[in-house]
Amino acid sequence: MAAIKTPVGRFFPATMKISGSMIVPAPSTTREPQRIAKLLARAGVASRREIERMIAERRVALNGAVVETPATLLVSLHGVTVDGKPVKPPAPARLFRFHKPAGLLTTERDPGGRPTIYDRLPSDLPRVVPVGRLDLNTEGLLLLTNDGELKRQLELPSTGVPRTYRARAYGTVTQAQLEELMLGVEIEGMRYGSINANLERRTGANVWIELTLTEGKNREVRRVLEYLGLRVSRLIRTSYGPFPLADLPVGAVDEVRQHDLVLFRKGLNKAPLPSRVRGRATGEASPPSSRSRKRESPSPARGEGRK
């Protein structure tokens, strides 16, 4: 079955094979020494934190000798092995959108045997790591990449990449209360940065709220709304940077076009961020859309995530 072209990229139902896809040239390599943990993350082996654990577990070697510290400096991965297997050179950077269903863990494996996102991803995807995380019961857009450095750039608060969520919550709140979140809030000693929150609609005893933030603290959206006296019953990430969930079906994956990814990476450290890339794929409709409202920060598609 042939892949269907979309404005964001190529759409793959979970059973389709990925073939002939365009890929993004990686940034030009430097011959300056770099930390082995950074090089391995760049090669898509794992996140830097996970690589540090692998080194502590003595699973990484250089020319047959166990690497003792993640600060080891190298100019390439020549001679490096992980679990006895040579590490391949970094592949060109690629970025995928995944519509994560509720009930999946954002991890490679779970000691308790619970299902993870990797149980739902197409078998022909390259080895990818998630950009940020979504909680077990959070659904919506999860970006995946084979490039550890791109993952890090997207996650760092200093790059200011906005994440937008839609939350359904039980309780009462006013727009004035939500606007106070623009100043940030401290909850039990944890400081949360500015959040652009807008009350979309009320449905009985529930409210729908759209929130845009540029940090990714654990369960941030849920904790902030609980602080306001609300109980979140559904949370959906609707966009990450310029990449929207749009109408990508639940459980489906598609690849961001190389042109869009190149433009995004060029502007990643500049302001403003590129305008939202709009995507389209047939499938389930997103939750009720927000009514138009002017805002200072980008307002990506509807949704919610690891908050």
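A polar contact of 2.9 Å joins the side chains of Arg94 and Glu255, and this briefing on a predicted model starts from that pair. Glu255 belongs to strand S19, which spans residues 253-256, and with a relative accessibility of 4% Glu255 counts as buried, because the limit for that class is under 20%.

- Once residues up to four places away in sequence are set aside, Gly132 touches Thr106, Leu142, Lys151 and Glu155.
- For one of these, Leu142, the C-alpha to C-alpha distance from Gly132 is 7.7 Å, while the two residues are 10 residues apart in sequence.
- Helix H3 covers residues 148-155, and its buried residues include Gly148, Glu149, Leu150, Lys151 and Leu154.
- At the start of H3, the backbone nitrogen of Glu149 has a side-chain oxygen of Asp147 within 2.9 Å.

**The S15-S16 hairpin**

- Strands S15 (residues 195-203) and S16 (residues 206-213) run antiparallel and are joined by 8 bridges, one of which makes Trp208 in S16 the bridge partner of Arg201.
- Together S15 and S16 form a hairpin with 2 residues between them, and in the turn Gly204 adopts a positive phi of about 65 degrees.

**The largest nonpolar core**

- In soluble globular proteins, nonpolar side chains tend to be buried together.
- The largest nonpolar core here has 34 residues, and those with the most contacts inside it are Phe98, Leu144, Leu178, Leu181, Ile209, Leu211 and Leu225.
- The elements that each supply at least two residues of this core are among them strands S9 (95-100), S11, S12 (163-170) and S13 (185-187), as well as helix H5 (220-227) and strand S17 (231-240).
- The most is given to this core by S16, with 4 residues.
- Leu178, leaving aside its neighbours within four places in sequence, is in contact with Val173, Ala197, Asn198, Leu199, Ile209 and Leu228.

**The aromatic pair**

- How many aromatic pairs does a search of the whole structure find? The search returns 1, formed by Phe243 and Phe264 in an edge-to-face arrangement with 5.1 Å centre to centre and 70 degrees between the planes.
- Phe243 lies in strand S18 (residues 243-244) and Phe264 in helix H6 (residues 258-266), so the pair ties together parts that are 21 residues apart in sequence.

**Salt bridges**

- The count comes to 17 salt bridges, and one network of them links Glu57, Arg59 and Asp83.
- Glu108 takes part in a salt bridge with Arg109 at 3.5 Å, N to O, and in another with Arg127, where the closest N and O atoms are 3.6 Å apart.
- Glu108 and Arg127 are 19 residues apart, and each lies in the loop between S9 and S10.
- Within this group Arg109 is exposed, with a relative accessible area of 61%, whereas Glu108 at 41% and Arg127 at 42% count as partly exposed.
- Asp135 and Arg222 form a further salt bridge, their closest N and O atoms being 4.0 Å apart, and this pair links distant parts of the chain, with Asp135 in the loop between S10 and S11 and Arg222 in helix H5, 87 residues apart.

Technical notes:
Residues numbered from 1 in each chain as written. Predicted model: local features only at pLDDT ≥ 70, side-chain atom pairs only at ≥ 80, totals over all residues. Heavy atoms only, no water. Phe/Tyr/Trp six-rings, centres within 6.5 Å; stacked < 30°, edge-to-face > 60°. Pairing = 2+ DSSP bridges. Contact = heavy atoms within 4.5 Å. Core = buried A, V, L, I, M, F, W, Y, C linked by side-chain atoms within 4.5 Å. Buried < 20%, exposed > 50% of the residue type's maximum accessible area, 1.4 Å probe, protein only. Polar contact = N/O pair within 3.5 Å; in protein donor to acceptor, adjacent residues only side chain to side chain. Salt bridge = Lys/Arg side-chain N within 4 Å of Asp/Glu carboxyl O.
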